[in-house]
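Please look over the chain below.

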Amino acid sequence: MTPQEARYRNTVNRLAFSLLVFYGLFQIYSVIMTLLVPLITADLTEVAATVVYEILYGVLYAAAFIGPVFFYYLISKKEPHVPLDAGLVLPREAPVYIFVGIALVSAAGYLNSMLLEAFDYSIFTQEIIFDTSVSSNYELVLMFFTLAIVPGFVEELLFRGLILKNLLPYGRTTAVFASALLFGLMHQNPGQFLYATVAGLVFGYIYVHTKSLWCCVLMHVCNNFLSVLFTVIGERLPEDTATPLLLGIELVIFALGVLGAVYLILHAKRDPSAVLREGAFEKELAPDAEYAAVALPLSRRARLFFSVPMIIFFVLCAAQMAMLLGLSLLF
């Protein structure tokens, strides 16, 4: 193994151990939310119990993602690593990127729904995993916090701010695809795997081309907020009103996404062949130390990526998904 390969494998191992820390923290979080929180809120009023539950949900969920980031940098003090960059600088075209990204993720959601229907998995997904309701305005605010703001920040911090960022010196393709695959596995749900992986590809691609973590955070928050909004509209409005309204919102999102993509293509000021060859979101990034520090063939990067701790993380997540799939066949 060459020094460059050893450095890459070392980075992958540290990321894998951090993901195993995430897996452990997430299991602890699940146990606490299932067993302890109901005991804590047992003597509270319904409103107080809901508020306490949602706040604890958000805090513990955030800790499961932030903890591995601290762990990675703790074990990387004497090893090569890319410092976390959380600068508040946004690209001028950030709103355009957000609309294009949401449109792409929404398209992936439609494809995911069609596949779930084809495999008769959607009933399990809706009834067991996504059994949420919004009966009051304060619950809407709490859901926006726990399902949009918190996941949008902490998930991007771990998967784009840490994983993708530290894989970038070894090649953009490896960084984007590996972080997206890990993002899909993180959900530990076969009904979300495809959708989450495609979303990870979109977030990763935009992160690489904007060099802005906050652009991805805002896009993630907006995407999750739309899911909450659709839930509220479906619950609070009659079906004959909600259906056309939801369709209208979705059409507007797709239209803005298409217009945004056209704008970015024209703004690039390149000939069509260059756009097809290099990508349509932004000018091709010039090689620099951040993106081309260690030259390794793609095939070798892919092979070295599957280290023992990384395989263990894959197996744990796959086992979790297999268990959920088995449950879906029983209900």
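Predicted model: local features only at pLDDT ≥ 70, side-chain atom pairs only at ≥ 80, totals over all residues.

On one side of helix 11, S299 and R303 are exposed. Exposed means over 50% relative accessible area, buried under 20%, and partly exposed in between (1.4 Å probe, protein chains only). Helices are DSSP runs of H or I with at least four residues, numbered from the N terminus. Helix 11 spans residues 298-305, and its buried residues are R301, L304 and F305.

Numbering runs from 1 along each chain as its sequence is written, and side-chain values use heavy atoms, without hydrogens or water.

**Core**

F305 also belongs to the largest nonpolar core, which has 68 residues. F65, F159, L167, L182 and F305 touch the most other members. Helix 1 gives the largest share of this core, 11 residues. A nonpolar core is a set of buried Ala, Val, Leu, Ile, Met, Phe, Trp, Tyr and Cys residues joined through side-chain atoms within 4.5 Å. In soluble globular proteins, nonpolar side chains tend to be buried together.

Which residues does F305 touch, not counting those up to four places away in sequence? They are Y8, V12, L167, A178, L182, M310 and F314. Contact here means heavy atoms within 4.5 Å.

V228 sits in helix 8 (residues 213-236). V228 is buried, at a relative accessible area of 3%. Leaving out residues up to four places away in sequence, V228 touches L140, M143 and L147. A148 is 80 residues from V228 in sequence, yet their C-alpha atoms are 8.0 Å apart.

**Surface**

V31, L35, L36, L39 and I40 make a nonpolar surface patch of about 510 Å². Patch residues have over 30% relative accessible area and no salt bridge; like charges are joined within 9 Å, nonpolar side chains (Val, Leu, Ile, Met, Phe, Trp, Tyr) within 5 Å. Areas come from the Shrake-Rupley method with a 1.4 Å probe; for residues, only the protein chains shown count as cover. L35, one of the patch residues, is found in helix 1 (residues 3-40). L35 is exposed, with a relative accessible area of 53%.

**Salt bridges**

How many salt bridges does the structure hold? There are 3. The term covers a side-chain nitrogen of Lys or Arg within 4 Å of a carboxyl oxygen of Asp or Glu.

| Pair | N to O distance |
|---|---|
| R300 and E5 | 2.7 Å |
| R92 and E93 | 3.4 Å |
| E156 and R160 | 2.7 Å |

The bridge between R300 and E5 links distant parts of the chain: R300 in helix 11 and E5 in helix 1, 295 residues apart. R300 is partly exposed, at 25% relative accessible area. E5 counts as buried, at 11%.

R92 is exposed at 66% relative accessibility, whereas E93 is buried at 8%.

E156 and R160 are 4 residues apart in helix 5 (residues 137-167), so about one helical turn separates them. E156 is buried, at 0% relative accessibility. R160 is also buried, at 0%.

Conventions. Helix = DSSP H or I, 4+ residues; strand = E, 2+ residues; numbered from the N terminus.
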